[in-house]
Amino acid sequence: MRVDSSKALSEMQRMMSPLARRLLLLLVCLTLSVFGVEKERIRGYRKDPDADKYGSCMQGPAGTPGRDGNPGANGIPGTPGIPGRDGLKGEKGECINELFEEPWRPNYKQCAWNSLNYGIDLGKIADCTFTKLRSDSTLRVLFSGSLRLKCKNACCQRWYFTFNGAECAAPLPIESIIYLDQGSPELNSTINIHRTSSVEGLCEGVKAGLVDVAVWVGTCADYPRGDASTGWNSVSRIIIEELPK
């Protein structure tokens, strides 16, 4: 059949004018080109396996993004890291000895005399020996007894404590004074009054150990002495107590 078609085409070409023959040839070439392309397209077509399942509808718009899922379980703990370097050396701390020492316990003593009747104007009146346990503690001392001073002219007497023969230096001496003016002619300036009085104070800086605590009588600075009396017709006492600082 293809041979007859070719012969007919050749016969037609002889019968046509040159222009007609050219147009006919162009038409034949175009027809063959279209036929070949369609054949190749049909040959390369592959049917989508899901075409029968979903049909041939166009793809719709993208949906709304879903929410985040639940947090996952904790992972396996990692291996310990490399130990760090030693830090810088710190400053030297203060030593608190009190944490290792025994708790404070009372330490006191009393010495008493009945009717001392000591009439001296200068010198030691009485003493009391005390054992001090610590060097950083404070001593509290008290003398209580009858004191008297009389004179015809102005006079002054001083009663004071000593510790191992020396007056207290920290913070200051522990003392008490009595001063009398010359009085008046009507009173004759010789009144004789004995009163119970006290000499009391705190002294720091006394070392631990045996301490001789004494009460003395002496003169006041820049004043003459008079006629002194201590402990007349009554009890006199010295009380010593060690206190924490």
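Reply: Accessible areas here come from the Shrake-Rupley method with a 1.4 Å probe. The model is a predicted one. On that basis the accessible surface of the protein chain comes to about 19,200 Å².

Me: What share of that accessible surface belongs to carbon and sulfur atoms?
Reply: The total for the protein chain is about 19,200 Å². The part that belongs to carbon and sulfur atoms is 55%.

Me: How many helices and strands are in the protein chain, and in what order do the elements run?
Reply: The protein chain has three helices and nine strands.

Me: What percentage of the residues in the protein chain is buried?
Reply: A residue counts as buried under 20% relative accessible area. The protein chain has 245 residues, and the buried ones make up 23%.

Me: Which strands stand at the edges of the open sheet, and why is one side of each left without a neighbour?
Reply: Four strands form the open sheet, with antiparallel pairing, in the order 2-7-4-5. The strands at the edges each have a single partner strand, so one side of each has no neighbour in the sheet. The twist from one strand to the next averages 10 degrees. The edge strands are strand 2 (123–132) and strand 5 (175–180).

Me: Over how many bridges do strand 4 and strand 7 pair, and which residue stands opposite Y160?
Reply: Strand 4 covers residues 155–163 and strand 7 covers residues 209–219. They pair in the antiparallel sense over seven bridges. The residue of strand 7 opposite Y160 is W216.

Me: Leaving aside neighbours within four places in sequence, which residues is I240 in contact with?
Reply: Outside its sequence neighbours within four places, the contacts of I240 are N107, Y108, K109, C128, F130, L139, R140, V141 and V213.

Me: Is S236 buried or exposed?
Reply: S236 lies in strand 9. Not counting residues up to four places away in sequence, S236 touches C111, A112, W113, L116, F143, S144, G145, S146 and G231. Its relative accessibility is 0%, so S236 is buried.

Me: How many disulfides are in the whole structure, and what is the pairing of the bonded cysteines in sequence order?
Reply: A search of the whole structure finds four disulfides. With the bonded cysteines of the protein chain numbered in sequence order, the pairing is 1-2, 3-4, 5-8, 6-7.

Me: Is the disulfide of C151 and C155 left-handed or right-handed?
Reply: The sulfur atoms of C151 and C155 are 2.0 Å apart. C151 is buried at 14% relative accessibility, and C155 is buried at 1%. The torsion about the S-S bond is about -80 degrees, so this disulfide is left-handed.

Me: How many residues apart are C156 and C220?
Reply: C156 and C220 form a disulfide with sulfur atoms 1.9 Å apart, and its torsion of about -60 degrees makes the link left-handed. C156 is in strand 4, while C220 is in the loop between strand 7 and strand 8 (227–230). The pair links distant parts of the chain, and the separation is 64 residues.

Me: Where in the chain does the disulfide partner of C168 lie?
Reply: C168 is joined to C203, S to S 2.2 Å, and the link is right-handed with 105 degrees about the S-S bond. Relative accessibility is 4% for C168, which counts as buried, and 3% for C203, also buried. C168 is in the loop between strand 4 and strand 5, and 35 residues separate it from C203, which lies in strand 6.

Note on methods
Residues numbered from 1 in each chain as written. Predicted model: local features only at pLDDT ≥ 70, side-chain atom pairs only at ≥ 80, totals over all residues. Heavy atoms only, no water. Helix = DSSP H or I, 4+ residues; strand = E, 2+ residues; numbered from the N terminus. Buried < 20%, exposed > 50% of the residue type's maximum accessible area, 1.4 Å probe, protein only. Pairing = 2+ DSSP bridges. Axes fitted to C-alpha atoms, helices over the stretch in contact; angles between N-to-C directions. Contact = heavy atoms within 4.5 Å. Disulfide = S-S within 2.5 Å.
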